[in-house]
Amino acid sequence: MAAEGVVIVTGANRGIGRALARDLAAAGWPIALVGRSLEKLEEARQDLADETSSRCYAADVADWEQVQGVVEAIQGDYASIHGLVNNAGITKDGLLVRMSPENWKAVLDVNLTGTFFLTRSVAPIMMRQRSGRIVNISSVVGLTGNAGQANYAASKAGIVAMTKSVARELGGRGVTCNCVAPGFIETDMTAELPEKVRADMLQRIPLKRLGQVEDLSGAVRFLLSQDAAWITGQTLVVDGGMVM
Ligand code: NDP
């Protein structure tokens, strides 16, 4: 299924982003791995099939100038940009009445504004190409809300609404924009949750296991592929059936 053009994956040095970079590279796309530490990204790049066609770019996705600089560099290094996977994200959980404005802002800045910055920088290039695929990693929490995650849920719901708006604006230029909304995936992000929360979560999953990073690859690969050419503005939930 090798395709032309690079696929940008943010937060590609660990967790879901690292697995996506590996699996999308195995499907034949050169990958532009974006993250805060070049050293950590280089380590992730070593895992990739044909790692020589993939490159690493350092940027904090919440920094507009850094994002613009990285997208310019990627544009210079590759003939075209096939896809953008907005995966970088953080949590700073806490009950609403104890949530500091700083923790509200930090999560919105990375998850929602970071997704906007990358999309804003890549969209004109894809529009000129008259082709491109944007896949945003939202969360089931963006669909249902979650106690203790007002900031995170708002950022992920914002991504769903932004996706639909971008899909409407860019559809006429052959650019699609969709979301994948994962359920509970075992990564650093979920590692610190108390055992009771994990057990409760498991109870609510019809497929009776927690998700692994690899569980998301098929959905993202599909949305980047030619098979998804007439799908845009959608949110594909990948959660073992927890939310339906
Ligand atoms: P991890 O915490 O394991 O990894 C997060 C990644 O995002 C890291 O590569 C991290 O880089 C990067 N990142 C964080 N902040 C920035 C920033 N400002 N600029 C650039 N990169 C940054 O999380 P997951 O792999 O679990 O999550 C990946 C995505 O999936 C997130 O958007 C998350 O919200 C979403 N998701 C995860 C779920 C889960 O259950 N795990 C469920 C639903 C959605 P660094 O190493 O530098 O910190």
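Student: Which element gives the most to the lining of the largest cavity?

Tutor: Good place to start! This is a predicted model, where local features need pLDDT of at least 70 and side-chain atom pairs count only at pLDDT 80 or more, while totals for chains, interfaces and linings use all residues. Residues are numbered from 1 along each chain as its sequence is written, and side-chain values use heavy atoms, with hydrogens and water left out. Rolling a probe the size of a water molecule over the atoms shows where empty space is left. On a 1 Å grid over the protein atoms alone, a cavity is a set of points where a 1.4 Å probe fits but cannot get out, a pocket is an open set with protein on both sides within 12 Å along at least five of seven lines, and lining residues have an atom within 4 Å of a point. Here the answer is α4, with five residues. Helices (H or I, at least four residues) and strands (E, at least two) are DSSP runs, numbered from the N terminus.

Student: What is the volume of the largest cavity, and which residues line it?

Tutor: It holds about 40 Å³ of space; a volume is the space filled by probe spheres set on the grid points, which are joined across faces, edges and corners. Among the lining residues are T10, V61, N86, N87 and A88. By class, the lining has four nonpolar, six polar and no charged residues. In this scheme Ala, Val, Leu, Ile, Met, Phe, Trp, Tyr, Cys and Pro count as nonpolar, Asp, Glu, Lys and Arg as charged, and the others, Gly among them, as polar.

Student: Where does the ligand sit?

Tutor: In the largest pocket, by the rule that more than half of a molecule's atoms lie within 2 Å of the grid points. About 1,300 Å³ of space lies in this pocket. Its lining has 50 residues, and G89, I90, T91, Y152 and M189 lie nearest the centre.

Student: How many residues surround the ligand?

Tutor: There are 28, and R14, R36, N87, Y152 and T187 are the closest; a residue counts as near if one of its heavy atoms lies within 4 Å. This shell divides into twelve nonpolar, ten polar and six charged residues. Its largest share, three residues, comes from α7.

Student: Which atom of the ligand lies 2.8 Å from a polar side-chain atom of D60?

Tutor: A nitrogen atom. We call such a pair a polar contact, meaning N or O atoms within 3.5 Å; within protein, one must be able to donate a hydrogen and the other to accept it, and residues adjacent in sequence count only if both atoms are side-chain atoms. Likewise, the side chain of Y152 has an N or O atom 2.5 Å from an oxygen atom of the ligand.

Student: What is the volume of the second largest pocket, and which elements supply its lining?

Tutor: Its volume is about 170 Å³, and α4 and α6 each supply at least two lining residues. F116, T119 and R120 are among the residues that line this pocket.
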